[in-house]
Amino acid sequence: MEQEIQTGASAGRRLLDARRVCALALAAVFAGLGQSALAADPLQGRKIYQTHCENCHGANGAGQIPGAPDFMRSDTLMRPDIELMRTLKSGRGMMPAYQGMFTETELLDVIAYLRTLRLQR
Ligand code: HEC
């Protein structure tokens, strides 16, 4: 009987340990998200967008010229920041290359702003 209780207790402890590990892992993930959200500044990005991107992409991101993707609808933004940044650096089609014109921080800011356009749908 006593043996049984001990086994039950240690199984319970193992379960608690597992839960604690999960909680730590989740906390780490959220900390990471928080950090990237803080690192990119969409308000700063909006200024860049209004000055340098709006002519072609439109105030709401729906696209102002033929061939420009609709940021409010298309899957264009369903890609990691780092990939979008690479495209912005090298340019694409009618879009000029922004390598050397903006820092990576500025590019990430403007990408963060693009992502808010999608939410405004
Ligand atoms: C001269 C017009 C023009 C300007 C200025 C411009 N774009 Fe574009 N952009 C385009 C066009 C056209 C495309 C579609 C290119 C293609 O797929 O051929 C595009 C595509 C994109 C894409 C999608 C790229 C991909 O890989 O699918 C992003 C993101 C983007 N633009 C962001 C920006 C940002 C941010 C700025 C300002 C810093 C900007 N654009 C300025 C015309 C422009």
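Predicted model: local features only at pLDDT ≥ 70, side-chain atom pairs only at ≥ 80, totals over all residues.
Numbering starts from 1 along each chain as its sequence is written.

The chain has four helices and zero strands (DSSP runs, H or I of at least four residues and E of at least two, numbered from the N terminus).

Helix α3 (residues 81–90) packs with helix α4 (residues 104–119) at an angle of about 115°, their axes 10 Å apart; axes are lines fitted to C-alpha atoms over the stretch in contact, and angles run from 0 to 180 degrees between N-to-C directions. That makes α3 roughly perpendicular to α4 (65 to 115 degrees). On the α3 side the contact is made by Asp81, Leu84, Met85 and Leu88, and on the α4 side by Glu104, Leu107, Leu108 and Ile111.

The largest nonpolar core has twelve residues, among them Tyr49, Phe71, Leu88, Leu107 and Leu117. Such a core is a set of buried Ala, Val, Leu, Ile, Met, Phe, Trp, Tyr and Cys residues joined through C-beta atoms within 7 Å, where buried means that 20 or more other C-beta atoms lie within 10 Å of the residue's own. α4 gives the most to this core, with eight residues. Of the 121 residues of the chain, 14% count as buried.

How values were computed:
Parallel < 35°, antiparallel > 145°, perpendicular 65-115°, else oblique. Contact = placed C-beta atoms within 7 Å.
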